[in-house]
Amino acid sequence: MAASSKRDYYEVLGVERGVSADDLKKAYRKLAVKFHPDKNPGDKGAEEKFKELGEAYEALSDPQKRAAYDQHGHAAFDPRARGGGGGGRGGGFHDPNDIFRSAFGGQGDLGSIFEQFFGGGGGGGGGGDDSESGGPSRGSDLRYDMEITLAEAVNGTEKQITVTKPAACDPCSGTGAEKGSKRIRCIQCAGRGRVVVSRGIFSIQQTCPRCEGAGEIVDKPCKACSGDGRVNKPSTITLRIPAGVDNGTRLRSSGNGEAGHRGGPSGDLYVVLHLGEHDIFRRDGDDLQCEVPVAFTQAALGADVDVPTMTGKAQIRIPAGTQTGTTFRLKSRGVKNIQGHGVGDLLVKIVIETPTRLDAAQRAKLEEFAKLCDPSVNPQSKGFFDRAKEFFR
């Protein structure tokens with residue numbers, strides 16, 4: 001939007017040019033609450049007005065910006081007009097949601113602000129809670145952290161876990177009422193599930209603290225659950241872990257979270273997986289890595305070497321002259337991709353082991369072997385010392 005086509009900031013906020021800082025904030029707060037997107041879901045017009053209000057309030061609430069605006073109008077924030085700072089929306093303006101929080105004292109997130117000012121009607125949170133009518137509400141989701149072995153992650157497995165969580169009370173079947181009791185209208189909210197309180201310039205709706213938004217209470221609460229309709233119970237859940245899961249993978253067990261209120265559906269259980277360390281293998285994405293020690297005679301002469309895999313023994317042929325760090329790739333011996341994109345590889349790194357316990361005969365043979373070796377037998381050593389000879393002078 002060009003600077004010349006914007007509405008006057010004072011007009012946007014509905015105030016006179018000489019308005020005080022306090023009255024400016026009151027005007028902004030009243031209009032920002034009215035046009036906030038969370039109170040007007042899907043209304044693009046309200047969203048644009050909310051942004052326009054944030055831009056106007058940020059400019060006029062800052063004494064320096066306000067003085068510049070009073071002198072130059074919108075051109076004060078247009079770098080093309082004044083050759084200076086700003087840029088972006090109206091000259092360096094911030095996220096309108098940040099301005100909104102700042103105007104309300106920086107309290108919490110939008111969910112908590114709307115919990116206070118709209119009685120939970122905004123902020124977009126919640127798992128299907130029908131708090132406006134006090135009807136059934138969905139139970140909360142739960143998290144469970146589980147450690148599994150690398151073998152279980154590679155091959156897949158099935159686990160049983162026990163979770164203690166709120167479940168429907170058996171004696172009252174989740175109603176919260178003793179058998180034979182009846183539900184009566186809450187006298188505190190007159191059955192509306194809401195109470196209205198005054199806070200400054202606002203009339204604020206809040207969930208009724210007595211009936212918790214239901215609009216009704218029972219004359220004889222269930223003794224087993226104290227009228228809540230739920231009690232903590234251990235629940236055993238069978239969880240199938242597919243092959244290919246990784247550290248941090250989150251699995252959802254539908255309906256195994258907390259039981260809902262007033263007959264609402266249960267939440268979900270999210271199981272977060274943590275892979276333990278393995279003695280042999282290390283995982284790198286869908287590949288597995290391991291180090292295999294070989295005797296220096298095998299590396300010098302070449303040999304067939306047995307190597308472990310997650311599905312059993314395999315064999316690789318190492319050629320004569322193999323050096324430490326040489327890596328061999330065994331195709332499709334790694335981890336199955338959880339999205340179905342094939343199977344990773346196994347990377348086998350060779351580590352040449354120097355013998356440490358030589359008897360006299362073995363030592364004599366090695367000394368004889370060393371006398372037979374000229375520099376060409378160890379070309380890497382020869383090349384290194386040729387390059388470094390100036391440092392040995």
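Aspartate 62 caps the N-terminal end of helix H4 (residues 63-72), with a side-chain oxygen 2.9 Å from the backbone nitrogen of glutamine 64. Such a polar contact is a pair of N or O atoms within 3.5 Å; within protein, one must be able to donate a hydrogen and the other to accept it, and residues adjacent in sequence count only if both atoms are side-chain atoms. Just after H4, glycine 73 takes a positive phi of about 70°. The model is predicted: local features need pLDDT of at least 70, side-chain atom pairs count only at pLDDT 80 or more, and totals for chains, interfaces and linings use all residues. Residues are numbered from 1 along each chain as its sequence is written, and side-chain values use heavy atoms, with hydrogens and water left out.

**Helix packing**

Helices (H or I, at least four residues) and strands (E, at least two) are DSSP runs numbered from the N terminus. Axes are lines fitted to C-alpha atoms, for helices over the stretch in contact, and angles run from 0 to 180 degrees between N-to-C directions.

| Helix pair | Axis distance | Angle |
|---|---|---|
| H2 (residues 21-35) and H3 (residues 44-61) | within 9 Å | roughly 165° |
| H3 and H4 | 5 Å | about 100° |
| H2 and H6 (residues 96-103) | within 10 Å | roughly 125° |

The angle between H2 and H3, roughly 165°, makes H2 roughly antiparallel to H3. H3 and H4 pack at about 100° and are therefore roughly perpendicular to each other, whereas H2 and H6 are oblique. In these terms, angles under 35 degrees count as roughly parallel, over 145 as roughly antiparallel, 65 to 115 as roughly perpendicular and the rest as oblique.

H2 passes H3 in a left-handed crossing, and its crossing with H6 is left-handed as well. A crossing is left-handed if the near helix is turned anticlockwise from the far one by less than a right angle, and right-handed if clockwise.

Contact here means heavy atoms within 4.5 Å. On the H2 side, Leu24, Lys25, Tyr28, Leu31, Ala32 and Phe35 meet residues of H3 that include Phe50, Leu53, Gly54 and Tyr57. The residues of this contact of H2 with H3 comprise 10 nonpolar, two polar and three charged. Ala, Val, Leu, Ile, Met, Phe, Trp, Tyr, Cys and Pro count as nonpolar, Asp, Glu, Lys and Arg as charged, and the others, Gly among them, as polar.

Towards H6, H2 presents Lys25, Tyr28, Arg29, Ala32 and Val33, which meet Pro96, Ile99, Phe100 and Ala103. That contact of H2 with H6 divides into seven nonpolar, no polar and two charged residues.

Between H3 and H4, the contact is made by Glu58, Ala59, Leu60 and Ser61 of H3 with Pro63, Lys65, Arg66 and Tyr69 of H4. Four of the residues in the contact of H3 with H4 are nonpolar, one is polar and three are charged.

**Sheets**

Two strands pair if DSSP finds at least two bridges between them. An open sheet of three strands has the order E1-E9-E8, with mixed pairing. Its edge strands, each pairing on one side only, are E1 (142-148) and E8 (250-253). Neighbouring strands of this sheet are turned by 25° against each other on average, direction ignored. E8 and E9 (residues 269-275) run antiparallel and are joined by four bridges; arginine 252 stands opposite tyrosine 270 in E9.

Another open sheet has four strands in the order E10-E11-E15-E14, again with mixed pairing. E10 (282-284) and E14 (327-330) are its edge strands, each pairing on one side only. From one strand to the next, the twist averages 35°. Three bridges join E10 to E11 (residues 287-295), and these two strands run antiparallel. Aspartate 284 has aspartate 287 in E11 as its bridge partner.
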